[in-house]
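We will go from helix packing to the spaces in the fold.

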Amino acid sequence: MNLLRPKYLKYVVLGLISALVVTCWPRKEKPKGHPRDYAEIKESGILHAATEYNSISFYVDGDTVSGFHYELIEAFARDKGLQVQVSPVMSFNQRLEGLANGTYDVVAYGIPATSELKDSLLLTSPIILSKQVLVQRKVGENDSLAIRSQLDLAGKTLNVVKGSPSILRIRNLSNEIGDTIYVNEIEKYGSEQLIAMVAHGDIDYAVCDEGIARMAVDSLPQLDINTAISFTQFYSWGVSKQSPALLDSLNTWLSDFRKKGEYQSVYRKYYGKQ
């Protein structure tokens, strides 16, 4: 067991860092008010973006800030002659609340393009394809903890980040299998911290984005992420329904940027092994 501790260390440290980032990050947020559209953002010269702190979206390594969504929103701001202030916000609900009250202009993080979310915000054209997966420890075939199909989820408790869009999918899945699947929402931690908790044995199951899970399995090979919770679907960024011009600007830029070598380079950097 001692040989595995260095592999866990990355996620333990990441959990501590993310907690500190959420509380101490110098966000320089503008006062809460109303959602801004592109003209107001352009006049101010500053774009306010929210994302999640994890090893794919946004993270700090020494003096360097990296992440797939971070690099994309930085490129958008650069091409539009804007500065961008990115705030790591672990809670999905808080990101949506920030859009609604004007704290953030855009949620630069993968949001599944579901009909329910489309009722409350505007989603950009797709950024990536992904799905939600179950994270569990590898156990024997006959072990009572083993989940081999979605039917085995009956009566089980799945841990998710508080407010995660995956909650709705789990509820729908519960209806599909005709049995109860319990959901435990965890407020303090993000997806990678839940994955580490599964690896440690603190919890048995977690649900998270496949891309984040695959990154974790490189360091935590005792985990099994082979059971899909959702179908593969499009993931987008989100803006307020009061920001249609910002949506148009993002979509036009994304359409052009995805054709460039810079986008391919950024994508391979974070998703190349998948």
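**Helices, then spaces**

Start with helix α3 and helix α9 (residues 244-257), which pack at an angle of about 105°, with their axes 11 Å apart. Axes here are lines fitted to C-alpha atoms, for helices over the stretch in contact, and angles run from 0 to 180 degrees between N-to-C directions. Helices (H or I, at least four residues) and strands (E, at least two) are DSSP runs, numbered from the N terminus. α3 and α9 are therefore roughly perpendicular to each other. Angles of 65 to 115 degrees count as roughly perpendicular, under 35 as roughly parallel, over 145 as roughly antiparallel, and the rest as oblique.

This is a predicted model: local features need pLDDT of at least 70, side-chain atom pairs count only at pLDDT 80 or more, and totals for chains, interfaces and linings use all residues. Residues are numbered from 1 along each chain as its sequence is written, and side-chain values use heavy atoms, with hydrogens and water left out.

Which residues of α3 and α9 make the contact? Leu72, Ala75, Phe76, Arg78 and Asp79 come from α3, and Ser249, Leu250, Trp253 and Phe257 come from α9. Contact means heavy atoms within 4.5 Å. By class, the contact of α3 with α9 has six nonpolar, one polar and two charged residues. Ala, Val, Leu, Ile, Met, Phe, Trp, Tyr, Cys and Pro count as nonpolar, Asp, Glu, Lys and Arg as charged, and the others, Gly among them, as polar.

Now follow α3 (residues 68-79) to helix α10 (residues 261-271): their axes come within 9 Å and cross at roughly 160°. That makes α3 roughly antiparallel to α10. On the α3 side, the contact is made by Phe68, Glu71, Leu72, Ala75 and Arg78. On the α10 side, Glu262, Tyr263, Val266, Tyr267, Lys269, Tyr270 and Tyr271 take part. This contact of α3 with α10 has eight nonpolar, no polar and four charged residues.

Next, find helix α7 (residues 191-200) and helix α8 (residues 210-217). Their axes come within 10 Å and cross at roughly 50°. That makes α7 oblique to α8. Ser191, Glu192 and Ile195 of α7 meet Ile212, Ala213 and Ala216 of α8. The classes are four nonpolar, one polar and one charged.

Turn to the spaces. On a 1 Å grid over the protein atoms alone, a cavity is a set of points where a 1.4 Å probe fits but cannot get out, and a pocket is an open set with protein on both sides within 12 Å along at least five of seven lines; lining residues have an atom within 4 Å of a point. Grid points are joined across faces, edges and corners, and a volume is the space filled by probe spheres set on the points.

The largest pocket holds about 420 Å³ of space. Its lining has 30 residues, and Pro112, Gln132, Pro165, Ser166 and Tyr235 lie nearest its centre. The lining of the largest pocket divides into 14 nonpolar, eleven polar and five charged residues.

The structure holds one cavity of 30 Å³ or more. Gln136, Arg137, Val139, Leu145, Asp204 and Tyr205 line the largest cavity.
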